[in-house]
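Q: I'm new to this one. Can you walk me through it, one piece at a time?

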Amino acid sequence: MEEVRLGTIGSGVIVHSVLDNVRNAEGISLEAVYSRTEGKAKSLAETYGAKKIYTDINAMLSDERVNTIYIATPNLLHYEQAKLALMAGKNVICEKPMVTRSVHAEELRDIARSKGLFLFEAAPTMFLPNFKLLREKLGLIGRVRLVMSNYSQYSSRYDAVLRGERPNIFNPEFAGGCLMDINFYNVLLNTALFGRPESAKYYPNIYPGLADTSGVFVMKYEGFVSTNAGAKDTWGINHFTIEGEKGFIHVDESNGLKSVRVVTKTSDETFNLQPVNDRWHYEVEEIARIMLSDDHEASRKLLDKVLANISVIETARIEAGIIFPGDEQDNRH
């Protein structure tokens, strides 16, 4: 591929974080912006220099200049929009969670492969240089016995919940909740490093009439257990710690992997291969590199990990009683 030319769907905070990095990266550019509201589309396009705006999604998907669709809408819209884009012959970069159901993830994967298209979940974790470093350093601490993580960040929209409102981020009708938002990063880091667990169980705090506002996700692997706390109704320290028989690794922030401290009986070293303090910088750079070099093998490996993570979260979520529209259609549950 000679150039990645984006068409965007969605205009939230993360869209700006991604596009801030797109305009500074080589080989990738913003071509078009879609929004149902012309004013929002025009504002985003003017800010980031998009050549076109659309209020008809099918019109943007028919634009031959646009070869990649970036999706950043509420979670429950991801599947239909990603499928629409893939069927139109566009590569897709979709904000996490890419979808909420395994059957949908598998369908999108199959469409992308049959058409020779790229399909990415835009969660920075696996694109970060410190993720690769973390994976390389795991052997230094011996057999893993415990994993503990926490990502608690009080949400201003939780105040709206307390006022009796139903913001999308906590609304099961839009596949909201803490697990699908920030605890997602803790679970993803486990599945990316260790694969599928033998079992997983989620213990949520569910606000009446809404989805989970906080909770603990427990994953049982052969030889060790991983406990992962996440909250949008409290404050806390964001970390990811792996304890082994010969030492431990402490990661500053499970979503950004700001630094990796490796401690053994004979050494204590802290590493950081990310001089730019912006996780989306690395996400944009790596996705662009993969697409520009037509590295479909790297894309497939990443997608396999994404599908494993979706499956683990889906099963535990439904067993915990957090039901999204369409879940009842899957007879496996």
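Q: What do the buried residues of helix 1 pack against?
A: They pack against strand 1 (4-9), strand 2 (28-34), helix 2 (38-48), strand 4 (68-71), strand 5 (91-95) and helix 9. Helices (H or I, at least four residues) and strands (E, at least two) are DSSP runs, numbered from the N terminus.

Q: Before we go on, what kind of model is this?
A: This is a predicted model, where local features need pLDDT of at least 70, side-chain atom pairs count only at pLDDT 80 or more, and totals for chains, interfaces and linings use all residues. Residues are numbered from 1 along each chain as its sequence is written, and side-chain values use heavy atoms, with hydrogens and water left out.

Q: Which residues of helix 1 are buried?
A: Val15, Ser17, Val18, Leu19, Asn21 and Val22. Buried means under 20% relative accessible area, exposed over 50%, partly exposed in between (1.4 Å probe, protein chains only).

Q: At what angle do helix 1 and helix 9 pack?
A: About 60°, with the axes 9 Å apart. Helix 1 covers residues 13-22 and helix 9 covers residues 279-292. Axes are lines fitted to C-alpha atoms, for helices over the stretch in contact, and angles run from 0 to 180 degrees between N-to-C directions. Helix 1 and helix 9 are therefore oblique to each other. Angles under 35 degrees count as roughly parallel, over 145 as roughly antiparallel, 65 to 115 as roughly perpendicular and the rest as oblique.

Q: Which residues meet there?
A: From helix 1, Ile14, Ser17, Val18, Asn21 and Val22. From helix 9, Trp280, His281, Glu283 and Val284. Contact means heavy atoms within 4.5 Å.

Q: Now helix 4 and helix 5. How far apart are their axes?
A: The axes of helix 4 (residues 78-87) and helix 5 (residues 102-115) are 10 Å apart, at an angle of about 15°. That makes helix 4 roughly parallel to helix 5.

Q: Which residues make that contact?
A: Tyr79, Ala82, Lys83, Leu86 and Met87 in helix 4. They meet His104, Glu107, Leu108, Ile111, Ala112 and Lys115 in helix 5.

Q: Where is Pro97?
A: Pro97 sits in the loop between strand 5 and helix 5. The bond between Lys96 and Pro97 is a cis peptide bond, with omega about -10°.

Q: On to the sheet. What is the strand order?
A: The order is 8-9-10-7-11-12-13-14, in an open sheet of eight strands with mixed pairing. Two strands pair if DSSP finds at least two bridges between them. The edge strands are strand 8 (199-206) and strand 14 (268-271), each pairing on one side only. From one strand to the next, the twist averages 10°.

Q: How do strand 7 and strand 11 pair?
A: Strand 7 (residues 144-152) and strand 11 (residues 239-244) pair in the antiparallel sense, over six bridges. Ser149 stands opposite Phe240 in strand 11.

Q: What does helix 6 touch on the sheet?
A: Helix 6 (residues 129-137) touches strand 11, strand 12 (247-252), strand 13 (259-264) and strand 14. Its direction makes about 15° with that of strand 13.

Q: And helix 8?
A: Helix 8 (residues 183-194) also packs on the sheet. It touches strand 7, strand 8, strand 9 (212-221), strand 10 (224-231) and strand 11.

Q: How many residues of strand 13 are buried?
A: Five of the six, so strand 13 is largely enclosed by the rest of the structure. Six bridges join strand 12 to strand 13, and these two run antiparallel. Val251 stands opposite Val260 in strand 13. Strand 13 and strand 14 also run antiparallel, with four bridges. They form a hairpin with three residues between them.

Q: Is Arg261 buried, exposed or in between?
A: Arg261 counts as partly exposed, because its relative accessibility is 32%. Arg261 is found in strand 13. Leaving aside neighbours within four places in sequence, Arg261 contacts Phe248, Ile249, His250, Asp268, Glu269 and Thr270.

Q: What is the phi of Glu253?
A: Positive, about 75°, although Glu253 is not a glycine. Glu253 is placed in the loop between strand 12 and strand 13. Glu253 is buried, with a relative accessible area of 18%.

Q: What about the phi of Asp294?
A: Phi of Asp294 is near 50°, a positive value in a residue other than glycine. Asp294 lies in the loop between helix 9 and helix 10 (296-319). At 42% relative accessibility, Asp294 counts as partly exposed.
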